[in-house]
Amino acid sequence: MYSEYFIADCHIHGPEIDGNFMSWVPLFNNYDEYLSYLLKNNIQVAVQSVGCNIQDSNHLIVANDHCLELAETTKLKIIPGCILHPEFPEANEEIVAKFKTSGYFWCGELCPYLADWSLENDKVKAMFSLLSENGFILQLHCQEVEAMARIVDSFPELPLVVSHLGGSRDRILQNIGFARNYPTVYLDICGSGHERLGMLEYAVNAGIEDQLFYGSDFPINEPGTPIVRVINGLFSDQIKRKILGENLRSLMQKHGMVI
């Protein structure tokens with residue numbers, strides 16, 4: 001299915017340390033079954049994180065080590081994304097150093113609401129500075145545009161991938177406008193928003209075709225639905241290929257990762 005396209009998923013959540021998956025109900029018995037579901041959708045590369053809800057520094061380090069171990073699979077290419085927390089600066093430095101040494105420069109998806117912190121936390125600046133200084137890409141669960149704009153203004157060298165287009169028309173339009181105003185902002189189309197007919201076309205017509213990434217939020221969401229929406233999109237095949245994988249490939253190459 002979809003075999004003519006290179007498909008790279010910028011957003012999946014791997015199994016936790018205890019082996020449980022983030023699907024709303026039990027679905028997969030093991031990591032192999034989980035990966036096979038991605039392969040069924042011709043997903044060849046995926047950015048995978050573990051532990052986005054952790055609120056303990058030691059557990060955070062262990063989860064990130066687990067994330068690196070999961071990337072060693074040969075079924076498809078997994079790019080591990082590290083998870084940080086503003087309250088644990090020493091752990092953050094250790095984690096970033098490990099990922100950098102392993103050749104991975106992706107952080108996220110960070111979910112402040114799950115890990116009990118916010119962009120108003122005074123310590124987030126040090127965390128984002130650490131990422132920027134080490135050449136990372138930041139993926140963040142969608143926040144208020146004004147708060148995200150402060151990140152981009154403060155750290156212009158830190159690319160920001162915003163996950164989820166939005167749950168309402170106004171929010172989707174705000175996020176598209178945000179990306180249009182900031183060339184280092186990218187929109188991950190996972191979750192809600194992409195299924196609203198015309199929104200991807202609107203984003204393309206707004207001039208941000210190079211800033212759109214296919215993402216699924218698997219295993220919370222079905223990975224096939226955003227793929228179908230892109231393939232059915234009323235724009236050129238070249239743009240479809242950009243969204244499904246080439247845009248992500250281009251950004252990763254700029255940060256030393258080859259997919």
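A residue counts as buried when its relative accessible area is under 20%. By that criterion, 4 of the 5 residues of strand β3 are buried in this predicted model, so β3 is largely enclosed by the rest of the structure.

- An open sheet is formed by 3 strands in the order β1-β2-β3, with parallel pairing.
- Strands of a sheet pair through backbone hydrogen bonds, in either a parallel or an antiparallel manner.

**Pairing between strands**
- Strand β1 is joined to the parallel strand β2 (residues 43-49) by 5 bridges.
- The bridge partner of Asp9 is Ala46 in β2.
- Strands β2 and β3, which also run parallel, are joined by 5 bridges.
- Ala46 stands opposite Ile78 in β3.

- A right-handed β-α-β unit is made by β2, helix α2 (residues 57-70) and β3.

**Glu201 in helix α8**
- Helix α8 (residues 199-205) contains Glu201.
- Glu201 has a relative accessible area of 10%, and since the limit for a buried residue is under 20%, Glu201 is buried.
- Leaving aside residues up to four places away in sequence, Glu201 touches Arg229, Gly233, Leu234 and Phe235.

Note on methods
Residues are numbered from 1 along each chain as its sequence is written. This is a predicted model: local features need pLDDT of at least 70, side-chain atom pairs count only at pLDDT 80 or more; totals for chains, interfaces and linings use all residues. Side-chain values use heavy atoms; hydrogens and water are left out. Two strands pair if DSSP finds at least two bridges between them. Helices (H or I, at least four residues) and strands (E, at least two) are DSSP runs, numbered from the N terminus. Buried means under 20% relative accessible area, exposed over 50%, partly exposed in between (1.4 Å probe, protein chains only). Contact means heavy atoms within 4.5 Å. A crossover is right-handed if, with the strands pointing away from the viewer, the path from the first strand over the helix to the second runs clockwise.
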